[in-house]
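Q: I have a model open and would like to talk through how it is put together. Could we start with the surface?

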Amino acid sequence: MPAALGFATIALFLLLTMTRRVSVLVALVVLPVLAALAGGFAGELGGMVLDGLSKVAPTGIMIAFAVLYFSLMVDAGLFDPLIRGLLRLAKGDPLRVTVATAVLTLCVALDGDGASTFLITVSALLPVYRKLGMSPLVLSGVVCLGAGVMNMIPWGGPTVRAMAALKLESSDVFTPVLPAMGLGIAWVLVASWLIGRRERRRLGALTGPGEEAAAGEPVPATAPAPGDGPGAVRVAASVPLWLTVFNLLLTVVLLVALILEVMPLPVLFVLGFAVALLVNHPTWEQQQALLDRHAKNVVLVTTMIFAAGVFTGVLTGTGMIDDMAGALVSVIPDSLGGHLPVLVAVTGMPLSLVFTPDAYYFGVLPVLAQTAHGFGTDPAEVARAAVLGQMTTGFPLSPLTAATFILVGMSGVQLGEHQRFIFRWAFATTLVMTAGAVLTGALSL
């Protein structure tokens, strides 16, 4: 009975969210509650919900302050010198411009938000691409690759969802795949070089006009303000040099502390944001204005995390997850059970074109993880595998992700053309990182 009820709940969740009958947040909260009532767990419902909420609370705190921190840094123009420097180094060479696009995307994507990454990189580089006559598909494709790999960071969408769905820590999911992520970054640079070389051959080495384009340096842009339309950008105000240096040093220290896990991630982001806010916006009015400007993004992300806590808390507390996993274990051949993490990683990227990230991580991943546990595999491995494939390299290609339409819309390309152009490169990224995870022991083969 619990297994059938669980499968019905997940199927209804996927149906309602993918057809947009209800919002993901409503489905995450209402459906498990109804399932628990139908299964006769009304008396235990409150405890199960609170247990689920308490387990995702650290993740919700981390993502809230991470979004605020990097939004502040984008507003402060931290990445503007990088944009100008890369454009100077490119010197109008299509190959260099393509590699510079990858480097810029990898840096800007540190904020963990695909929409702002696309807005910043495309608005800064599209004028250069047009000046040189380069294909906008190269721009959208390379940005897709860089943003996909960087989406693995602990405050990025896939890792946050995986941790929330399986109640894991960053040290369980992200830290073991750091070497694989490094290989993914290296592959993105190699792929951008290969794509750029092909584009250079197509256009020829344009030096004269290209230098003019690079020297023109489009004004770097920051994330859009609330109320701005798609593609709208705001020009960063002039920031004193000392403040830029301070922000850079603070960000480097914070990232090193995150990787070394000097303190729990939520604590680091709370402290980092408080210091950054005090230094960059010393008055109460300035601080309040920044919070008001980015409150919408914080609320949208954190409410989803806590709603996911309700969903997983109820399905776990009622025993539905365990019974569903047992049912799957009984039908999966033993010869495939031990290879489940690798299968999840390899199939995750194509599945991103079918499932929304919320549907996959909150509906499918818990069942896969518990199934793997039935074969003696650590559920954390399945979480890592899902992060390597599902949405990490697939989200800038998926029609089910809103940020994808920002990327193709601003680049001026059709979604189908974009998918055909970059799909094989993106899938290769997943294969490279999966191989790296197997070689480093993050995934068992």
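A: Accessible areas here come from the Shrake-Rupley method with a 1.4 Å probe. On that basis the protein chain of this predicted model exposes about 17,500 Å², of which carbon and sulfur atoms supply 68%.

Q: And what share of the 445 residues is buried?
A: Buried residues make up 54% of the 445 residues in the protein chain.

Q: How many helices and strands are there?
A: The secondary structure of the protein chain comes to 21 helices and two strands. As for contacts between residues at least 6 apart in sequence, 81% of them join residues at least 24 apart.

Q: Let's look at a helix pair, then; at what angle do α3 and α8 cross?
A: Helix α3, residues 45-75, and helix α8, residues 157-166, cross at roughly 160°, and their axes come within 9 Å. Angles over 145 degrees count as roughly antiparallel, and α3 and α8 are therefore roughly antiparallel to each other. The crossing in which α3 passes α8 is left-handed.

Q: Which residues make that contact?
A: From α3 the contact takes Val56, Thr59, Met62 and Ile63, while α8 brings in Val160, Met163 and Ala164. By type, the residues of the contact of α3 with α8 are six nonpolar and one polar, with no charged residue.

Q: I also clicked on alanine 66; which helix does it lie in?
A: Alanine 66 lies in helix α3.

Q: Is alanine 66 buried or exposed?
A: Alanine 66 counts as buried because its relative accessibility is 0%, and the cut-off for buried is under 20%.

Q: What is alanine 66 in contact with, beyond its neighbours within four places in sequence?
A: Leaving those neighbours aside, alanine 66 is in contact with Trp155 and Phe269. The C-alpha atom of alanine 66 is also separated by 9.3 Å from that of glycine 156, although these two residues are 90 residues apart along the chain.

Q: Switching to another pair, how far apart are the axes of α5 and α7?
A: The axes of helix α5, residues 94-108, and helix α7, residues 136-150, are 8 Å apart, and the two helices pack at an angle of about 35°. Here α5 passes α7 in a right-handed crossing.

Q: Which residues meet there, and of what kind are they?
A: On the α5 side, Thr98, Thr101, Ala102, Thr105 and Leu106 meet Val138, Leu139, Val142, Val143, Gly146, Ala147 and Met150 of α7. The residues of this contact of α5 with α7 divide into eight nonpolar and four polar, and none is charged.

Definitions and conventions
Residues numbered from 1 in each chain as written. Predicted model: local features only at pLDDT ≥ 70, side-chain atom pairs only at ≥ 80, totals over all residues. Heavy atoms only, no water. Axes fitted to C-alpha atoms, helices over the stretch in contact; angles between N-to-C directions. Helix = DSSP H or I, 4+ residues; strand = E, 2+ residues; numbered from the N terminus. Left-handed = near helix turned anticlockwise from the far one by under 90°. Contact = heavy atoms within 4.5 Å. Nonpolar A, V, L, I, M, F, W, Y, C, P; charged D, E, K, R; others polar. Buried < 20%, exposed > 50% of the residue type's maximum accessible area, 1.4 Å probe, protein only. Parallel < 35°, antiparallel > 145°, perpendicular 65-115°, else oblique.
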